[in-house]
Amino acid sequence: MSQLIIDKVRIFLSIFLPTLGLELFDVQFRREGHGWVLRVFIDAESGITLNHCSDVSRELGNYLDVEDCIDH
């Protein structure tokens, strides 16, 4: 199940990130001490800013809300 979520996130980000001049480095979805954690690692030639992180987090959150693919 976690690989399916990772694959969906990768597909979405492969389309979305280039519009911001960003690239995807890695996606992780794993169980940790307090529950499940989704981590997205992004990169850009000019470096990553807090605004980049905020924009990606907001858009990915909206995507995940619509797709409703994480049930825990």
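Strands β1 (residues 23–32) and β2 (residues 35–43) run antiparallel and are joined by 9 bridges, where strands count as paired if DSSP finds at least two bridges between them, and where helices (H or I, at least four residues) and strands (E, at least two) are DSSP runs numbered from the N terminus. A hairpin of 2 residues connects β1 to β2, and aspartate 43 in β2 is the bridge partner of glutamate 23. The model is predicted, with local features requiring pLDDT of at least 70 and side-chain atom pairs counting only at pLDDT 80 or more, whereas totals for chains, interfaces and linings use all residues. Residues are numbered from 1 along each chain as its sequence is written, and side-chain values use heavy atoms, with hydrogens and water left out.

The structure holds 4 salt bridges, each defined as a side-chain nitrogen of Lys or Arg within 4 Å of a carboxyl oxygen of Asp or Glu. Among them is the contact between glutamate 67 and lysine 8 (4.0 Å, N to O); glutamate 67 lies in helix α2 (residues 50–67) and lysine 8 in helix α1 (residues 2–16), so the pair ties together parts that are 59 residues apart in sequence. Another salt bridge joins the side chains of arginine 10 and aspartate 26 (3.3 Å, N to O), and since arginine 10 belongs to helix α1 and aspartate 26 to strand β1, parts 16 residues apart in sequence are tied together. Arginine 10 is partly exposed at 33% relative accessible area, as is aspartate 26 at 23% (buried means under 20%, exposed over 50%, partly exposed in between, with a 1.4 Å probe and protein chains only).
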